[in-house]
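Please look over the structure below. The report then covers a sheet and a helix pair.

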Amino acid sequence: MRVKIDAVSNSTSFPKEVDVVVIGGGIIGTATAYELAKQGVSVALLEKGVIAGEQSSRNWGWVRQQNRDLYELPMAMNSLQRWGELGEEIGLDLGFRRSGILYCTNKESDLEKWETWGKKAQALGFTSQMLSAQEASTRSGTRGDWKGGVWSSTDGRAEPSKAAPALAIGAQRLGANIQQQCAVRGLEISAGRVTGVWTERGLMKANKVICCGGAWSARFCQRHGIELPAANILGTAFKTTSAPEVVKGCLSMPNLAMRRRLDGSYTVAVPGLGRMDLAPQNLRYVTKFLPMYRSKVAKKLKFRINGSFFNGPEAAGSWAFDQTSPFEKIRVLDPAADAQILRLGLAEIERVFPALKGIAVDHAWGGWIDTTPDLVPVIDESEKIPGFIIASGFSGHGFGIGPGAARLITQQVMNEKPYTDMSAYRLSRFSDGSKIRQPQMM
């Protein structure tokens, strides 16, 4: 493991039956298990590896409303509210601090886009502040050739190594059953609807099953004939050595993204850079991803073919539920960091912040980001298999909007009215003839 995560203990018993099974111990799965347990629902959270072992501990740690797709903004706003409540409710520190998020740019087109977005966001109840060139330089503490920026004082940050584990512990304290190193091999289906899951430890009965499997969700769905268009993109980030505080919260510039960590270091990434390994799954859905590939989102991606074509979350092939599944063969996706991105990130830090000259990489990591063609997640009950709910494809946004997504999923399970329109998150938008939107904001 290239990341350090707070440990979570397994529950002592393995239940034969629960009301709801949650597949996947990332931020979406743990937050959902917590919200369900809070409602008094009997819930089991099953994770093939360890809680937060994959992308939920490898993301940037940003908790933002600013620059969200407008379809996601209500979920982001709800999430910010929950982020502010969860630590006190659970009695554990998730690392959440409402310290603001700042974007700076040297492009007039960015300012125009942010201003247009800001007016629409204000109609939904979110307000941020456009900055002049001088204001962007002053607030960022840099002397960049900025055209301006945008500042969101109500946005924040949290610690990926702490958040999902804290939510899992909180759910466990409310009665949720947590099982790690326990892969779900497939669904038990009776009379056309889900009645449980087959795990490597046997059958667990349930009336509802929620798939929050991140990079693995599409392969799991495909095993049951459900088409979930997704492509996994490899991102790289790193933790620096301890350094002076030049950024209090989160800062985004054209070639640099930084978050101040609680331990006095920074999490750093280079926005837009990543890699896609060509594999049967993403090739299967290539036509659905054409709008994304043609947008600026994909312009910095590298493409390659390697061993993941035959083995991994996007490989082809089926398996029997009484045999070892792909989810047991790779317990935790732990890809290496891209060395080029590390060099670029360090060089940009020293260029923009001379006071940080000599800063170094403490450790670095890669992470697979499950991505939909329009970068908006799927939160929907399967039409093919009633009782099976898919919550995946969060496209790198899952950490920040996870608590808000969990409330929507819980409302769906409890047959309550959702707090926002769910039509944007329906799975059928990729198959019912609807035009696939180009990704809007990132």
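The text that follows takes the sheet, then the helix contact.

This is a predicted model: local features need pLDDT of at least 70, side-chain atom pairs count only at pLDDT 80 or more, and totals for chains, interfaces and linings use all residues. Residues are numbered from 1 along each chain as its sequence is written, and side-chain values use heavy atoms, with hydrogens and water left out.

Helices (H or I, at least four residues) and strands (E, at least two) are DSSP runs, numbered from the N terminus. Two strands pair if DSSP finds at least two bridges between them.

Six strands form an open sheet with mixed pairing, in the order E8-E2-E1-E12-E21-E20. Its edge strands, E8 and E20, each pair on one side only. From one strand to the next, the twist averages 15°. Strands E12 and E21 run parallel, joined by 3 bridges. Isoleucine 210 has isoleucine 389 in E21 as its bridge partner.

| E8 | 177-179 |
| E20 | 378-381 |

Now the helices. The axes of H1 (residues 27-38) and H5 (residues 160-173) come within 8 Å and cross at roughly 25°. Axes are lines fitted to C-alpha atoms, for helices over the stretch in contact, and angles run from 0 to 180 degrees between N-to-C directions. H1 and H5 are therefore roughly parallel to each other (angles under 35 degrees). Contact (heavy atoms within 4.5 Å) involves residues including Ile27 and Tyr34 of H1 and Leu167 and Gly170 of H5.

Note on methods
Parallel < 35°, antiparallel > 145°, perpendicular 65-115°, else oblique.
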